[in-house]
Each structure stands twice: as C-alpha cells, then as structure tokens.
Amino acid sequence: MNPLELTVPIPRDDDPLATLAQRAHAGHAGAFDELARRVRDRVRRWASSVTLDEDDAEDVAQQVLLTLHARTGDFGARSRFTTWLYTVTRNVA
C-alpha cells in the first residue's frame, strides 16, 4: 500500500453537533433538546454581534432554535454544522 494513498479523517470539533442534528432529524428522543442546549448560547452571541442588542439577540436565538427544529433535515453535512448554523443565525438576524 502506498502511504500517500492513506486517508486520515480530520477531526472536526462540531462532529457531535452534526451527529445530534442527524439524530434529531431521525426522531431520536431528546436529541433535539440536547442539540438546542449545546448551541443556544453560541447562537445568542452570534445574534448579539449582528443585532447589537441583547433583547433582539434573545429573540433571534429563539427563532433560530425554532428554525433549527423545523429544518434539521436541511443540514446535509456539506459544510461544518456550525457554519450552517451561523448562516441560519445570520439570515434570521
């Protein structure tokens, strides 16, 4: 075997989030709740940087979580989960 042909998976820091999103989409009990718990503060911080207002950021975070619940199936793992989630957050904000 040629050592140049070996592929080594690059660890991604948000693989657990992508896995949770896939499990939530598949209907696994508690997967969405865990996903929402893990990303809520991050989404709120991102929203705050766009809205520059904490109350608006909280509203955006809530809307993003509702959108996430409805659209977990839209995440196709073509990018990192956090990249996809940031795009959703930016669009909602």
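User: What kind of model is it, and how are residues numbered?

Analyst: This is a predicted model, where local features need pLDDT of at least 70, side-chain atom pairs count only at pLDDT 80 or more, and totals for chains, interfaces and linings use all residues. Residues are numbered from 1 along each chain as its sequence is written, and side-chain values use heavy atoms, with hydrogens and water left out.

User: Core first. Which residues touch the most other members of the largest nonpolar core?

Analyst: Leu-35, Val-39, Val-43, Leu-68, Phe-81 and Leu-85 do, in a core of 24 residues. A nonpolar core here is a set of buried Ala, Val, Leu, Ile, Met, Phe, Trp, Tyr and Cys residues joined through side-chain atoms within 4.5 Å. Buried means under 20% relative accessible area, exposed means over 50%, and partly exposed is in between (1.4 Å probe, protein chains only).

User: Which helices supply at least two residues of this core?

Analyst: Helix 1 (15-25), helix 2, helix 3 and helix 4 (81-92) each do. Helix 2 gives the largest share, 8 residues. Helices are DSSP runs (H or I, at least four residues), numbered from the N terminus.

User: What is Val-39 in contact with, leaving aside neighbours within four places?

Analyst: Its partners are Leu-17, Leu-65, Leu-68, Phe-81 and Leu-85. Contact means heavy atoms within 4.5 Å.

User: Now Ala-21. Buried or exposed?

Analyst: Ala-21 is buried, because its relative accessible area is 1%. It is found in helix 1.

User: And what does Ala-21 touch, not counting residues up to four places away?

Analyst: Leu-35, Thr-72, Phe-75 and Phe-81.

User: Helix packing next. At what angle do helix 1 and helix 2 pack?

Analyst: About 140°, with their axes 8 Å apart. So helix 1 is oblique to helix 2. Axes are lines fitted to C-alpha atoms, for helices over the stretch in contact, and angles run from 0 to 180 degrees between N-to-C directions. Under 35 degrees counts as roughly parallel, over 145 as roughly antiparallel, 65 to 115 as roughly perpendicular, and the rest as oblique.

User: Which residues make that contact?

Analyst: Helix 1 uses Pro-16, Leu-17, Leu-20, Ala-21, Arg-23 and Ala-24. Helix 2 uses Ala-31, Phe-32, Glu-34, Leu-35, Arg-38, Val-39 and Arg-42.

User: How do helix 3 and helix 4 cross?

Analyst: Their axes come within 9 Å and cross at roughly 125°. That angle is why helix 3 counts as oblique to helix 4. On the helix 3 side, the contact includes Val-60, Thr-67 and Leu-68. On the helix 4 side, Phe-81, Trp-84 and Val-88 are among the residues involved.

User: On to charges. How many salt bridges?

Analyst: The count comes to 6 salt bridges. A salt bridge is a side-chain nitrogen of Lys or Arg within 4 Å of a carboxyl oxygen of Asp or Glu.

User: What does Glu-34 pair with?

Analyst: Glu-34 forms a salt bridge with Arg-38, and the closest N and O atoms are 2.8 Å apart. Both lie in helix 2 (residues 31-51), 4 residues apart, about one turn of the helix. Glu-34 is partly exposed at 24% relative accessibility. Arg-38 is partly exposed at 40%.

User: Which pair links distant parts of the chain?

Analyst: Glu-58 and Arg-40 form a salt bridge, closest N and O atoms 2.3 Å apart. Glu-58 is in helix 3 (residues 54-71) and Arg-40 in helix 2, 18 residues apart. Glu-58 counts as partly exposed, at 24% relative accessibility. Arg-40 does too, at 25%.

User: Where does Arg-71 come in?

Analyst: The side chains of Arg-71 and Asp-74 meet in a salt bridge (2.7 Å, N to O). Arg-71 is partly exposed, with a relative accessible area of 35%.

User: Last one. Where is Leu-52?

Analyst: Leu-52 sits in the loop between helix 2 and helix 3. It has a positive phi of about 60°, although it is not a glycine. Its relative accessible area is 73%, so Leu-52 is exposed.
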